Amino acid sequence: MDPRSAICPICGRTFTPATPSSKYCSATCRHEGRRQARKAWELRTNYREKQRAAAQEYRDQKAADAALEAADAAAREENNRRRRQARQSAKATAALEAQARTGDPLAALSLLSSTGKKDTAEYWEAFKAYELAQAAARPGGRVMYVNGIAIGDPDFSLKVTITIQETGRIIAAFC
């Protein structure tokens, strides 16, 4: 064997290297040698598993980001819906207040009813005004009673408020 000859680690042929650092006999063997070296490196360093894990982590992060964005969008939409509802409620309340100022008893009653003040004398005064306005339209001249107190009683609102506080209930009837 020639002192300058070498054996190709891929195909096992003897060859004369073109340079002292030549390891393979041909470009094909050099390519195969690089491929094998890469495979060995991948196995040694667990490269493919690391790549799969990194790709999965990326997909998981993207999914988490998308879920977070969807939750944020839903929260923004809910806030917008609440704001629209509050604006509409404020407009309706303003309209009721304007009607109540003009003397509309139903508007005053609705306004107080929406605030949950059914146990106040103010509410029952508005109720009385509304019922007296409606009494003219009722046939038969029937009188409305609340907790046994006639709507025409001068102290109607005060007496009804007291009976609600004492009994905790409201009973309305026509007689």
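**Helix packing and the nonpolar core**

In this predicted model, helix α4 (residues 121–135) and helix α5 (residues 156–167) have axes that come within 8 Å and cross at roughly 125°. That angle makes α4 oblique to α5. The crossing of the two helices is right-handed. On the α4 side, the contact is made by Ala121, Trp124, Glu125, Phe127 and Lys128. On the α5 side, Phe156, Ser157, Val160, Thr161 and Ile164 take part. The residues of this contact divide into six nonpolar, two polar and two charged.

In soluble globular proteins, nonpolar side chains tend to be buried together. Here the largest nonpolar core has 13 residues, and those touching the most other members are Tyr123, Trp124, Phe127, Val146, Phe156 and Val160. Two or more residues each come from α3 (105–114), α4, β3 (144–146) and α5. Helix α4 gives the most to this core, with four residues.

Val160 belongs both to the contact between α4 and α5 and to the core. Leaving aside residues up to four places away in sequence, Val160 touches Trp124, Val146, Asn147 and Ile149.

Asn147, one of these neighbours of Val160, lies in the loop between β3 and β4 (149–150). Its phi is positive, about 50°, although Asn147 is not a glycine. Another asparagine, Asn46, also has a positive phi, near 60°. Asn46 sits in the loop between α1 (27–45) and α2 (47–101). With a relative accessible area of 43%, Asn46 is partly exposed.

Terms used:
Residues are numbered from 1 along each chain as its sequence is written. This is a predicted model: local features need pLDDT of at least 70, side-chain atom pairs count only at pLDDT 80 or more; totals for chains, interfaces and linings use all residues. Side-chain values use heavy atoms; hydrogens and water are left out. Axes are lines fitted to C-alpha atoms, for helices over the stretch in contact, and angles run from 0 to 180 degrees between N-to-C directions. Angles under 35 degrees count as roughly parallel, over 145 as roughly antiparallel, 65 to 115 as roughly perpendicular and the rest as oblique. A crossing is left-handed if the near helix is turned anticlockwise from the far one by less than a right angle, and right-handed if clockwise. Contact means heavy atoms within 4.5 Å. Ala, Val, Leu, Ile, Met, Phe, Trp, Tyr, Cys and Pro count as nonpolar, Asp, Glu, Lys and Arg as charged, and the others, Gly among them, as polar. A nonpolar core is a set of buried Ala, Val, Leu, Ile, Met, Phe, Trp, Tyr and Cys residues joined through side-chain atoms within 4.5 Å. Buried means under 20% relative accessible area, exposed over 50%, partly exposed in between (1.4 Å probe, protein chains only).
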